[in-house]
Amino acid sequence: MRAIIIGVGQCGTKIADIFALVDFEVLAVNTSRGDLEYLKHIPPERRILIGESLVGGKGVNANPVLGREAMKRDLPLVMRKIASLVGYEDVDVFFLTFGFGGGTGAGGTPVLAEALKEEYPEALVVALGALPLKEEGIRPTINAAITIDKLSKVVDSIIAIDNNKLKESGDDISQAYEKINYTIVERIASLLALIDVPGEQTLDASDLKFVLRAMGSFATIGYAKADASKVKSLSRLIIRSFENEGLYLDVNIEAALYGLVAIHGPPEALKAKEIFEALNELTRRIRGKQIFRGFYPDPREREVEVVTLLSGIYESRSIEEIVMTAKKYAVEFMRAKEEAEIKKRELLSGLPDFDDIYP
Ligand code: GDP
């Protein structure tokens, strides 16, 4: 399975940089020259500066309208670079990594996604983004709402990772981001590593593509792991991966259309009866009833690891909160603006023409 990772903006290129560390094919796109130079693992020829004529390599200061404009202006350059570095052969999926709350990633990713869908009609385009922390305030929330709206019209799936859910209390923000970025890469990498592995009951690229081709709706990753000798109930461990504690976004899993479950561990721990019990439970719970599964017995393993992907979801508390907050803000802002206009008119009405007073 050939997956290409394109990071957009600071958050997106930092995540992409970790994908490069674990040998994925990666590109980085940003409006900030400094942020591009700061990357460690993506080779310089795979870093693309955009919007230089607009912001002179200084970034867009969390303004997604500028981010969108920067990507639009330099889209021919970006697409040429992608074509020359990636080619057109056998691309199964583009993962676009970005932060929902910023400017370059939030504004630029939907523009790039649309161009990729046109240029690579066979490939999936999946947005893989981090949702802003609540304490960041209103601007990132509005940026996220705008970006959710735009992406949902162009990509196949949106895998949103809620920074609020993954941040551990006590961590400062940069530590928290670094840990979250590693977690995101580990999960996606471990899922992709299990695709097209030879075996009887394994997952192939068409299974993953089926699950991710979901009309721009949300998808979420789940995860659970335990020492094989300590697993009392395998079905419980599997179920934990797709319950809220295991998921990286608060969603109503009952609203999901598709599910994919990969289970990896020592052969004696992968008891078929318990696996089917858990998978039947998942099938029963999700609305779409379509589950793909892969079993990976590995005699060298001592841990049981479950990676889950649920997709086709439109019900998520994290997303609803962002969209409702942005809507409420927009309504209140427009009302305040109208009231200011009225106040201005009232205040200045009846004021004589002073030209007549000071002839
Ligand atoms: P851009 O460069 O203009 O696209 O802006 P950023 O990429 O800095 O996006 C800012 C948003 O992304 C913020 O709202 C943060 O919540 C989030 N963010 C920034 N850096 C990171 C990071 O390294 N990891 C994660 N998970 N989120 C980040």
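## Salt bridges

The count comes to 22 salt bridges, a salt bridge being a side-chain nitrogen of Lys or Arg within 4 Å of a carboxyl oxygen of Asp or Glu. The structure is a predicted model, in which local features need pLDDT of at least 70 and side-chain atom pairs count only at pLDDT 80 or more, whereas totals for chains, interfaces and linings use all residues. Residues are numbered from 1 along each chain as its sequence is written, and side-chain values use heavy atoms, with hydrogens and water left out.

One of the salt bridges joins glutamate 25 to arginine 2, with the closest N and O atoms 2.8 Å apart. Because glutamate 25 belongs to strand 2 (residues 25–30) and arginine 2 to the segment before strand 1 (3–8), the pair ties together parts that are 23 residues apart in sequence; strands (E, at least two residues) and helices (H or I, at least four) are DSSP runs, numbered from the N terminus.

## Domain interface

The domain assignment, which is automatic or taken from a database, gives domain 1 (3–193) and domain 2 (219–313). Their centres, taken over C-alpha atoms, are separated by 28 Å, and the contact (heavy atoms within 4.5 Å) takes 14 residues from domain 1 and 12 residues from domain 2.

Between them the domains bury about 1200 Å², 67% of it on carbon and sulfur atoms, where buried area is the accessible area (1.4 Å probe) lost on putting two parts together, summed over both. Lys165, Arg187 and Leu191 supply 50% of the area that domain 1 buries against domain 2, more than any other three residues. The count between the two domains is 1 salt bridge.

## Helices 11 and 12

Helix 11 (residues 234–241) and helix 12 (residues 272–285) pack at an angle of about 35°, their axes being 7 Å apart; the axes are lines fitted to C-alpha atoms over the stretch in contact, and angles run from 0 to 180 degrees between N-to-C directions.
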